[in-house]
Amino acid sequence: MRAEIQHLVEETKQSVGLLRRHLDWDTAQRRLAELNAQAEDPNLWNDADAAQKIMRERTSLEDQISAVKRLEQDLEDAITLIELGEAEEDEATIQEGESTIRSLQAEAARRQVETLLSGEADANDTYVEVHSGAGGTESQDWANMLQRMYARWAERRKYKVELLEITDGEEAGIKSATLLIKGLNAYGWLKTESGVHRLVRISPYDSNARRHTSFASVWVYPVVDDRINIEIKESDCRIDTFRSSGAGGQHVNTTDSAVRITHIPSGIVVACQQERSQHKNRATAWNMLRARLYEAELKKREEKASAEAAAKTDIGWGHQIRSYVLQPYQMVKDLRTGAQSTSPQDVLDGDLDPFMEASLAQRVYGGEAEVEDID
């Protein structure tokens with residue numbers, strides 16, 4: 001076996017071993033057996049909240065245990081395949097085995113990063129808000145690109161994506177949008193994406209083909225389930241209704257069904273226009289507000305709260321967490337971790353995992369990087 005592949009095999013074995021230790025393998029097996037027994041109890045759903053909690057834990061634990069078993073078996077099968085290929089001098093078989101090992105090493109590394117998702121709300125679904133900065137059409141187009149980027153990232157992971165609110169730009173792009181992304185660990189993965197994102201490119205809206213810098217902000221907060229009690233006084237809120245925006249025709253409401261809620265003490269504003277029913281939009285908006293207030297409380301517990309708040313309030317130069325340069329060269333660079341990519345189009349198509357993994361590792365293990373921005 002070639003040295004490079006042997007090295008990948010050892011890396012994969014090490015990652016799988018760390019996954020086993022993180023799970024506390026024997027304890028995890030016993031716990032899964034207990035959860036399976038509880039899931040078969042016909043009285044389980046007498047308490048819906050408790051049942052949902054049990055089923056979530058069972059699904060998560062089952063996924064982790066089965067992943068470790070499958071990684072170990074697939075690795076053993078790939079090694080055997082390479083050995084057979086070498087014995088028969090069959091290069092195609094060897095390459096097939098090596099390709100499998102590369103894929104397994106990448107998956108094991110990703111699974112290892114997922115063990116960092118142990119925060120209070122990391123397993124929850126999440127809201128993602130995108131807001132354009134100053135600059136009119138340029139920044140509004142950039143906000144639209146970011147909205148698409150996160151939707152594509154979610155689709156790659158087989159997560160469900162719902163567009164809850166969108167405010168179109170005057171000429172192109174969007175002023176703001178809110179996505180609801182549903183899937184295991186959605187908030188845990190996306191939480192480090194909050195902040196200002198900077199784009200440098202030759203503007204398609206400039207007849208002189210000059211280079212423009214645009215800014216947009218992203219804000220990520222977890223969906224709050226019924227087990228978490230967030231009290232909101234209606235007297236602290238202002239509720240406005242308005243007509244939904246859209247592409248025109250039958251999809252545009254002729255009544256004021258969209259709902260905006262402003263929480264006066266915190267200044268938090270949420271809006272929903274997904275449904276034709278004002279009642280449903282109002283209910284969703286209240287859930288979004290509960291989630292925002294809960295996320296604000298979580299942020300208070302983190303050392304980076306002040307820096308993130310500053311990034312949220314000023315969508316402009318000096319506050320960006322990541323720069324995307326399309327001209328005169330191709331580069332995406334995270335200014336917190338130093339992670340970078342020379343393929344911006346792949347990143348804008350949803351290839352965000354390397355940036356998220358680096359940010360998660362930095363949050364857990366520390367080591368703030370001194371990173372220079374790119375021009």
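Let me start with the contact of α1 with α4, where E4, I5, L8, V9, E11, T12, S15, V16, L18 and L19 in α1 meet E98, I101, R102, L104, Q105, A108, A109, R111 and Q112 in α4, contact meaning heavy atoms within 4.5 Å. The residues of this contact divide into 10 nonpolar, four polar and five charged, where Ala, Val, Leu, Ile, Met, Phe, Trp, Tyr, Cys and Pro count as nonpolar, Asp, Glu, Lys and Arg as charged, and the others, Gly among them, as polar. Helix α1 covers residues 3-23, and its axis and that of α4 come within 9 Å and cross at roughly 30°; axes here are lines fitted to C-alpha atoms, for helices over the stretch in contact, with angles running from 0 to 180 degrees between N-to-C directions. The crossing of α1 and α4 is left-handed, a term used if the near helix is turned anticlockwise from the far one by less than a right angle, with right-handed used if it is clockwise.

Before I go on, please keep in mind that this is a predicted model, in which local features need pLDDT of at least 70 and side-chain atom pairs count only at pLDDT 80 or more, while totals for chains, interfaces and linings use all residues. Residues are numbered from 1 along each chain as its sequence is written, and side-chain values use heavy atoms, with hydrogens and water left out.

Now to the other partner of α4. Helix α3 (residues 48-87) and helix α4 (residues 91-114) have axes that come within 8 Å and cross at roughly 155°. That makes α3 roughly antiparallel to α4, because angles over 145 degrees count as roughly antiparallel, under 35 as roughly parallel, 65 to 115 as roughly perpendicular and the rest as oblique. This crossing, too, is left-handed. On the α3 side the contact includes D63, A67, R70 and L71, and on the α4 side it includes T93, I94, E96 and G97. By class, the contact of α3 with α4 has 11 nonpolar, four polar and eight charged residues.

For the chain as a whole, there are 10 helices and 11 strands, both taken as DSSP runs numbered from the N terminus, with helices being H or I of at least four residues and strands E of at least two. Of its 375 residues, 46% count as buried, which stands for under 20% relative accessible area, with exposed being over 50% and partly exposed in between (1.4 Å probe, protein chains only). Among contacts between residues at least 6 apart in sequence, 67% join residues at least 24 apart.

G119, in the loop between α4 and β1 (126-132), is partly exposed at 34% relative accessibility, and its C-alpha atom is separated by 9.5 Å from that of L298, 179 residues apart along the chain. R363, placed in helix α10 (residues 353-365), is partly exposed at 23%, and R363 and L116 are 9.1 Å apart, C-alpha to C-alpha, though 247 residues apart in sequence.

What does E138 contact, leaving aside its neighbours within four places in sequence? E138 lies in helix α5 (residues 137-156) and is buried, with a relative accessible area of 10%; its contacts are R201, S203, Y205, H212 and S214.

Finally, the cysteines. C237 is buried at 12% relative accessible area, and C272 is buried at 0%. The count of disulfides, taken as pairs of cysteine sulfur atoms within 2.5 Å, comes to zero.
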